[in-house]
Amino acid sequence: MQTAFTLLIFPGLGFIVLCAWLFDWLDRRIIARFQGRVGPPWYQPVADFIKLLAKEDILSTGINPALSTALPVLSLASVLTVSLYIPVARTAPVSFEGDLIVVLFLLSIPALAYFLAGWISGGVYGILGANRSLLQYFSYEVPFLMALSGPAILGNSWRIAQIAQQQVGTTWNLALQPLGFILAVVGLIGKLKRDPLDIPKAKSEVVGGSLTEYSGRKLALWHLAMDMQTVLGIFLLINLFLGGTSASPLWGGLGFVLKALGIVLLLSTASVLYARLRIDQLANLGWRVLAPLALMQLAATIWMGG
Amino acid sequence: MKSDKMIIPIGPQHPLLKEPIAFTLTVEGERVMEAGMRMGYVHRGIERLAQERSYVQTIHLVERVCGICSHVHATTYCQGVEALLGLEIPPRAQYLRALLCELERIHSHLLWLGVLGKNLGLDTIFMYAWRDREIVLDIMEDLSGGRVSHAINVIGGVRSDVDEAHCDEILRQLDLLTEPLARLVGLVEHERTLKARTQNVGHLSLEQIRRYCVVGPVARASGLDVDLRRDMPKAPYTDLSFKVITHTAGDVWARTLVRMQEAVESVRLCREILAQLPDGPISVKAKRRVPPGEVVSRAEAPRGELIYYIRSDGSEKPARLKIRTPTLTTLITLPEQLREVNMADVPAVLSGVDLCIACADR
C-alpha cells in the first residue's frame with residue numbers, strides 16, 4: 001500500500017504529472033506577462049493533453065508502429081524512474097550511493113529516444129530535427145554533466161539525497177559554485193529544448209523537428225515526458241545547488257516550492273530574452289565557452305574540496 | 001550523412017511562411033546547396049479583372065492586391081487615372097493620402113519586424129511589435145473606418161476629411177507610439193542574439209542590387225540610395241523634409257535597422273503632414289470616361305517602388321492594367337541569397353526581404 005502510494009501519488013506519477021502541468025502553465029503565463037499578454041488559464045496544459053489524447057493517431061507509411069509507440073513510452077518511463085531517485089520534501093523513495101549517475105543516465109534516454117523518433121519518421125523535417133537534436137546533445141551534455149558533478153565532488157558523495165542533506169543548515173552549493181549553477185541551468189535549457197535552444201524543433205526551420213510526424217496520444221505522451229523532465233530537472237538542481245529541503249517543517253515544503261518557482265522564472269526569462277541560436281553557434285558556445293568554464297569550475301571545486 | 005543530399009520543401013504550406021510560395025532546398029547536412037522557387041499560388045487574376053470593371057470599381061479591386069499596403073496600391077492607381085484625366089487634385093487630398101501612406105509604412109515595417117522576430121524564435125519582439133502596431137491601426141481606423149482596407153481614395157481626391165480635434169487625437173496617438181518604437185530600434189541595434197542571427201546573413205552587394213534592380217528597404221540596406229518620395233518630386237513630399245535611411249552592410253540586420261529607422265522617420269513625417277495640412281476641398285469631380293492614352297504611375301510603397309501601368313481606350317473601363325510590385329524585385333534574388341547558407345538561416349533570409357506573395361502573384 002505504502003509502495004503503491006509512493007509510486008502513483010507522492011512523489012510518484014500523480015505528483016510529478018501535476019507539477020508538470022503546473023510548471024508548464026506557470027511558464028506560459030510568465031512568458032505571456034513578459035510579452036504583454038494575458039496567457040492561458042490554469043487548466044490549459046490539462047486541456048491540451050486531453051485534446052491530444054482525443055485526436056486521431058496518424059502513422060505515416062513506412063514507420064515501424066511498434067517502435068514509434070515504444071519511443072515516447074520509453075522516454076516517459078525513464079523520466080518517471082528518475083522521479084524515484086530525486087528527493088522531494090526530503091523523501092526519495094529509493095536512494096543509494098551513485099544514484100546521481102543513474103539519474104543522469106536516465107535523463108539522457110529521452111534525448112536519444114527523441115533522436116530516434118525523428119530518424120525513423122522518414123520525413124525530411126524529422127531527419128533534420130533528429131540530426132540537430134543529436135548535435136545539440138553533444139553540445140550541452142558535457143558541460144551539464146561537469147556542472148552537476150561539482151556538488152557531488154564537493155559533497156564527496158554521488159548520492160543526491162546526501163548532497164542535498166549536506167547543504168541543510170550550511171551554505172548552499174549555489175554560493176560555492178555559482179558558475180556551476182549557471183552552466184547547469186544552460187544545460188537544462190538545452191536538454192529540455194527550450195527557447196532559446198529549441199533548435200531541434202524550431203518551427204520556422206524544421207516544422208516540428210523529430211516529432212513532426214507524431215500526432216494524437218503519442219504526441220501527448222511526448223509532451224508529458226518533456227514537461228515531466230522539466231520538473232525533474234528543476235528538482236535535481238534544487239537538490240544539488242539550492243540546498244534541497246530545509247529542516248524546519250514549514251520551510252521544508254514551502255521553501256522547496258519557492259525554489260522551484262525561482263528556477264521556472266529563470267527558464268521563462270531566458271526564453272523571453274533571447275533569439276534562437278543556430279546549431280553551429282550552440283556548438284561553439286558549448287565547446288568554446290561552456291565546457292572550459294565547466295572545467296574551471298570543476299578544478300576550483302576539487303581544489304576547494306581537497 | 002556528409003554526402004547525403006536531402007530535398008527539403010519549404011512551402012507552399014510551412015510554419016515559416018505567412019503566404020503560400022514554395023521553395024525547394026537541396027540540403028547537404030545543414031547547408032543549403034541549391035534553392036528552387038515556385039510561385040503563383042495566390043494568383044487572383046486581378047489585372048484581368050480590372051479590365052471587366054469601371055475605373056471607379058477598380059479602386060476597390062487594386063486595394064485588395066495586398067493586405068498590408070492596400071492604400072498605396074489605390075493611391076498609385078488613382079494617381080495614374082488622374083494623370084490620364086489631366087486632373088490636379090487638391091493639396092489637402094494629397095496630404096491626406098500621404099498621411100495614410102506614411103502610417104501604412106509604419107504599420108508594414110512593424111508587422112514585418114514581428115514576423116522576423118517570430119521566425120528567429122524571438123517571440124517577444126513579435127508580441128511587442130504587433131502590440132505597438134495596434135496604435136497605428138487605430139489611427140488608420142479613425143481616419144478611414146478600416147484597419148486594413150481603407151477605401152479612402154476616390155479618383156480626384158479622398159473620401160473623408162479630418163478636423164482640428166481629430167488631428168490632435170492623431171498627434172496624441174503618435175506620441176504613444178514614439179517610445180515603443182524607440183525601444184524596438186534599440187532592441188534591433190543592441191540585442192546580441194538577434195544580431196548573431198541576422199548579421200552577415202542574406203548578404204546582397206550593391207552590384208547584385210543593381211543587377212536585379214532591387215528596390216525599397218532591401219536596396220537601401222545595401223547602400224543604394226533610392227527613395228521615390230525624394231527622387232520623384234511630387235506634392236506633398238516636396239514640401240516636407242525627411243531623411244532617406246541607408247545602410248551599407250547589406251545583410252538582414254541592416255535591412256531590419258533601415259526599416260525601423262524608416263518607421264521612426266515616418267512618424268516624424270506624419271507629424272509634419274498634420275502640422276502643414278493645407279485648407280481646402282478634399283476632392284474634385286472626375287469624369288467617368290477616361291480619354292485614350294497610357295500612363296505609368298509610381299509611388300514608394302513600404303517595400304519599395306510600386307509601378308502601375310494603365311492604358312485607356314476612351315471607355316469606362318481600363319483597357320490594360322499592369323502592376324509591378326516591389327516584392328517581385330526582391331523575390332528573384334532569393335535563389336541566389338539562399339545558396340550556400342545554413343539551413344537555420346533560411347528563416348532569416350526569407351523574412352529579411354519582406355515578401356508579400358499576394359502582391360507578387362496578384
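At what angle do the axes of helix H3 (residues 44-54) of chain A and helix H11 (residues 216-241) of chain A cross? I put this question first to the structure, which is a predicted model.

**Entry 1: a helix pair in chain A**

I found that the two axes cross at roughly 150° and come within 6 Å. Because angles over 145 degrees count as roughly antiparallel, I recorded H3(A) as roughly antiparallel to H11(A). I noted the crossing of H3(A) past H11(A) as left-handed. I then listed the residues that make the contact: Phe49(A), Leu52(A) and Leu53(A) come from H3(A), while H11(A) gives Gly216(A), Arg217(A), Leu219(A), Ala220(A), His223(A) and Leu224(A).

**Entry 2: where chain A touches chain B**

I looked up the contacts between the chains and found 24 residues of chain A in contact with 25 residues of chain B. On the chain A side, helix H6 (124-155), helix H10 (203-206) and helix H13 (279-305) each supply at least two residues.

**Entry 3: a sheet in chain B**

I turned to an open sheet of 3 strands in chain B, with the order S1-S2-S3 and antiparallel pairing. Strand S1 (5-10) and strand S3 (31-38) are its edge strands, and each pairs on one side only. Neighbouring strands of the sheet are turned by 20° against each other on average, direction ignored. I followed strand S2 (residues 22-28) of chain B along S3(B) and noted 7 bridges in the antiparallel sense. As one bridge, I recorded Phe23(B) with its partner Met37(B) in S3(B).

Methods:
Residues numbered from 1 in each chain as written. Chains lettered and ligands numbered in written order. Predicted model: local features only at pLDDT ≥ 70, side-chain atom pairs only at ≥ 80, totals over all residues. Contact = placed C-beta atoms within 7 Å. Helix = DSSP H or I, 4+ residues; strand = E, 2+ residues; numbered from the N terminus. Axes fitted to C-alpha atoms, helices over the stretch in contact; angles between N-to-C directions. Parallel < 35°, antiparallel > 145°, perpendicular 65-115°, else oblique. Left-handed = near helix turned anticlockwise from the far one by under 90°. Pairing = 2+ DSSP bridges.
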